[in-house]
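Take a look at the sequence and the model below. Then follow the text from one chain to the other.

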Amino acid sequence: MIKNNYELLEHTADIGIRVKGKDLKEIFINSAWAMFDIIAKRKSEINERESTFPHIVKERSDDLEQLFVNWLNELLYLSATKELIFYDFEIERLDEKNLEAKVWGEDIRNYNVNTEIKAATYHQLKIENKGLYWEAEVIFDV
Amino acid sequence: MSDIWEGPLEKIDDYRWRIPKSYKPGMRVDGIIYADEKLLRDIRQDKAPEQVANVAFLPQIVKASLAMPDIHWGYGPSIGAVFATDIDSGGVITPAGVGFDINCGVRLLKTNFQYEEIKHKIKDLIYVLFDMVPAGVGSKGDIRISEREEREILIKGARWAVEKGYGIEEDLECSEEYGAMEGADPSTVSQRAYERGKAQSGTLGSGNHFLEIQMIDQLYDYNLCSQFGLTLGQITVMIHSGSRGFGYQICDDYTRSMIHCLSKYNIKVPDRQLACAPFNSPEGKAYFSAMKCAANYAWNNRQCLMYLVRKGFEKVFGMSWEKMGMYLIYDVAHNIAKVEKHTVDGKKLTLCVHRKGATRAFGPNNPELPNRYKNTAQPVIIPGDMGRNSYLLVGTQKAMEETFGSTCHGAGRVKSRTSAMKSIDANQLLKELDSKGIIVKASGKGTIVEEAPQAYKDVNEVVDVVHKAGISKRVCRMKPLGVIKG
């Protein structure tokens, strides 16, 4: 997994990101990683991560854009209700309409929370195959 | 953000600019932006005007896609958008026209105190209130409720709190919709929304939400001030919060389902975030009901927050809130959809009015208003950023005629959060605010920087436009003394 592989886009009210990846799986993983990187930073004084069981995420949508937005919003829902910050993602199945993933989260109390992201939006959403790599842009409502 | 919007903006008069419907094939009505020339330069700097044009695609939109002078780039419609659809002829409702933070809104309460009497206590007050009012991301409240009670809140709104003893009947009279929209059916709310909203009642939230102790520093309309019982130097309190995670989840749930409605009802919109359904379709009705649940949740939340503020004052001053005259002036929603009757081209129509980052501003004698405000017109509360002013205005008859009884909602951002983070130093900013006599307590330094005055338009200019355009009228201005940010 490539960490820190995203850049922030200028947006007046909200926060946008541009993410690169070698394939679609990496786009999904790096976007999720970036989203939680914006939300919170791990407290430096806490060392070891306790080993935890992953949560299973399954999504079915009509097309890739919906699948992508639903994936990120599902993680926000899980994060808010389970009080976790997700830090590791393993995508077991991914096509244009289906996704199955395992995601690992850690207690939100081990983090300094910076920003509340309400949702990922469709506004100016891009998911593109650039030939040698994939690129996605998404705007979060914060 | 560096690209300047090059589309057409035709001058109608000094405060209105038109994007003609010929700008893009598919626009059903013109776009109209309320601004003066100076604000218009800011507005051209981001993509908000394009969003005004996009809204004009919505089926059965009437009159125009309107934008208030605090307009800025959002998702789907811009922030500061006002638009209405004719629901009897297939007009749509869109969750994006309300936003994720359903019934984000603000309430203003007065006190009997003058600044000179309590200026040495402001710091104590802010520290006590910071302790009592849960703030920050995912913050949880002390007001614990069962799931059965949660359902009751969704139906009763602020009345739930009043029945629990967290307020008085008069508080309800002084709230838009009397603190609850009728017809909220909790069965339209997903289990996921319940879970996400659990334990957040009576919490402030994060981002631009705040609690502020203010003093009135300028009177504009002496007659109205005296009717509202407001004088120069008087202390007021402002509370800005919304429906928290509960509302976000409802918006997410229904945006998901309404994406399918675009093909089902053959609706063409240029931005998928504008997903919508005919108001009278099963999907439209279900969203409107769920939205009401979230709106009621938010009114109850602000009522609970006001209860905590009154308690905090009681703790610091050792007397009852009634004795301190801590009565609610009014509570308004900034993100909401309503069914209202308005006259368009001489015809009385039943409309679904969307206000996303805009405030209802009903003129005098409107039947929706409580008796106490029939003469004065509806109070409109406009929060500014933490370094500048806030305003109390009232609605006007002209707003009824031009903007479906609506006006601006705040200052509106000019600087993105990311560029604010890059260019503003938190400690420096706190020093500057301190030198202006403004005490700030926040749950994180990030919020202070993101919400810095430099990131916002000058609220004074925004209010100047709505006042001069006649869609609301200035009553008085407040300046911040102490601020709690989420």
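Predicted model: local features only at pLDDT ≥ 70, side-chain atom pairs only at ≥ 80, totals over all residues.

The radius of gyration is taken here over C-alpha atoms, and the rule for a globule is 2.2 Å times the number of residues to the power 0.38. A compact globule of 486 residues would have a radius of gyration near 23 Å; chain B has 21 Å, so the two agree. Its C-alpha atoms fill a box of roughly 65 × 50 × 45 Å along the principal axes.

What is chain B built from? It holds 16 helices and 19 strands. Of its 486 residues, 60% count as buried. Now look at contacts with a separation of 6 or more in chain B: 77% of them join residues 24 or more positions apart.

Chain A can be read in the same steps. Its secondary structure comes to 2 helices and 10 strands. Along the sequence, the pattern runs β-β-α-β-β-α-β-β-β-β-β-β. For 142 residues, the globule rule gives a radius of gyration near 14 Å; chain A has 14 Å, so it agrees with the rule. The C-alpha trace of chain A spans about 40 × 35 × 25 Å along its principal axes. Of the 142 residues, 46% count as buried. Among contacts in chain A with a separation of 6 or more, residues 24 or more positions apart account for 62%.

Next, see where the chains touch.

Two packed helices are described by the angle between their axes and the distance between the axes. The axes of helix 4 (residues 122-132) and helix 11 (residues 282-317) of chain B come within 9 Å and cross at roughly 135°. That angle makes helix 4 of chain B oblique to helix 11 of chain B. Their crossing is right-handed. Helix 4 of chain B makes the contact with Asp124(B), Leu125(B), Val128(B), Leu129(B) and Met132(B). Helix 11 of chain B answers with Leu308(B), Val309(B), Lys311(B), Gly312(B), Lys315(B) and Val316(B). The residues of this contact divide into 7 nonpolar, 1 polar and 3 charged.

Helix 14 (residues 426-435) of chain B is hardly covered: 1 of its 10 residues is buried. Just after this helix, Gly437(B) takes a positive phi of about 80°.

Now turn to the backbone angles of other residues. Most residues other than glycine have a negative phi. Tyr178(B) is not a glycine, yet its phi is positive, at about 55°. Tyr178(B) is found in the loop between helix 7 (169-173) and helix 8 (191-197) of chain B. It has 19 C-beta neighbours inside 10 Å, so it counts as partly exposed. The phi of Arg244(B) is near 55°, again a positive value in a residue other than glycine. Arg244(B) lies in helix 10 (residues 244-264) of chain B. Is Arg244(B) buried or exposed? It has 31 C-beta neighbours inside 10 Å, so Arg244(B) counts as buried.

Key: Residues numbered from 1 in each chain as written. Chains lettered and ligands numbered in written order. Helix = DSSP H or I, 4+ residues; strand = E, 2+ residues; numbered from the N terminus. Buried ≥ 20, exposed ≤ 12 C-beta atoms within 10 Å, placed from the backbone. Contact = placed C-beta atoms within 7 Å. Axes fitted to C-alpha atoms, helices over the stretch in contact; angles between N-to-C directions. Parallel < 35°, antiparallel > 145°, perpendicular 65-115°, else oblique. Left-handed = near helix turned anticlockwise from the far one by under 90°. Nonpolar A, V, L, I, M, F, W, Y, C, P; charged D, E, K, R; others polar.
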